[in-house]
Amino acid sequence: MRKLVLILAFFVAIIALVAVPRSASACMCMPVTAEKALANADVVFIGRVTNIRDGHIEFELVAVWKGRATSTTTLATLASVAPEIKPGFKAVWNSCDFPFHVGEEYVVYARQDPQTQVLTTSICSGTKAKI
């Protein structure tokens with residue numbers, strides 16, 4: 001009888017470990033070289049973040065290496081251009097969005113939507129803080 005209780009407790013513990021939800025990071029990236037990031041991007045620039053609001057990041061540009069960008073350029077977060085999660089609710093940030101900070105300079109590798117012309121970037125694009 002005691003053996004049966006131990007076996008049952010073991011299986012309950014295994015089920016609890018498997019069934020309990022864990023926190024997850026939905027965005028996982030392969031390392032990207034600067035050359036690959038440049039090749040994959042539509043627009044590449046160095047810019048200083050001047051404003052972050054409602055899923056949009058505004059930059060004052062320092063230099064443009066690829067593509068067309070104005071002296072002030074805005075990126076949309078990936079979540080802000082995604083479809084609504086449910087009617088009337090739209091996320092502003094997601095786990096793949098790059099963590100920009102006002103006043104900091106970044107090397108930005110951005111993709112441009114061919115229909116809307118909206119620029120986006122992510123933690124997987126090669127974008128990084130300028131050192």
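Which residue in E2 is the bridge partner of Ile46? Select Ile46 and look across to E2: the partner is Ala63. Keep in mind that this model is predicted.

**The strands.** Now select residues 43-53, strand E1, and residues 56-66, strand E2. They pair in the antiparallel sense over 9 bridges. Go to the hairpin of E1 and E2, where 2 residues sit between the strands. Asp54 there takes a positive phi near 50°. Pick Gly47 and you will find Tyr106 of E4 opposite.

**The cores.** Show side chains for Phe45, Val49, Phe59, Leu75, Phe100, Tyr106 and Val108. These have the most contacts inside the largest nonpolar core, a set of 13 residues. E1, E2 and E4 each give two or more residues to this core. Then select Ala37, Ala41, Val107 and Tyr109. They are among the 6 residues of a second, separate core. Return to Val49: its contacts include Ile57, Phe59, Phe100, Val102 and Tyr106.

**The salt bridges.** The structure holds 5. Start with Arg111 and Asp42, whose closest N and O atoms are 3.5 Å apart. Arg111 lies in E4 and Asp42 in the loop between helix H2 and E1, so the pair ties together parts 69 residues apart in sequence.

Move to Arg48 and Glu105, with closest N and O atoms 2.5 Å apart. This pair links E1 to E4, 57 residues apart. Arg48 is partly exposed at 30%, whereas Glu105 counts as buried at 18% relative accessibility.

Finish at Arg53 and Glu58, which meet in a salt bridge of 3.3 Å, N to O.

Definitions and conventions:
Residues numbered from 1 in each chain as written. Predicted model: local features only at pLDDT ≥ 70, side-chain atom pairs only at ≥ 80, totals over all residues. Heavy atoms only, no water. Pairing = 2+ DSSP bridges. Helix = DSSP H or I, 4+ residues; strand = E, 2+ residues; numbered from the N terminus. Core = buried A, V, L, I, M, F, W, Y, C linked by side-chain atoms within 4.5 Å. Buried < 20%, exposed > 50% of the residue type's maximum accessible area, 1.4 Å probe, protein only. Contact = heavy atoms within 4.5 Å. Salt bridge = Lys/Arg side-chain N within 4 Å of Asp/Glu carboxyl O. Lists of a residue's contacts leave out its neighbours within four places in sequence.
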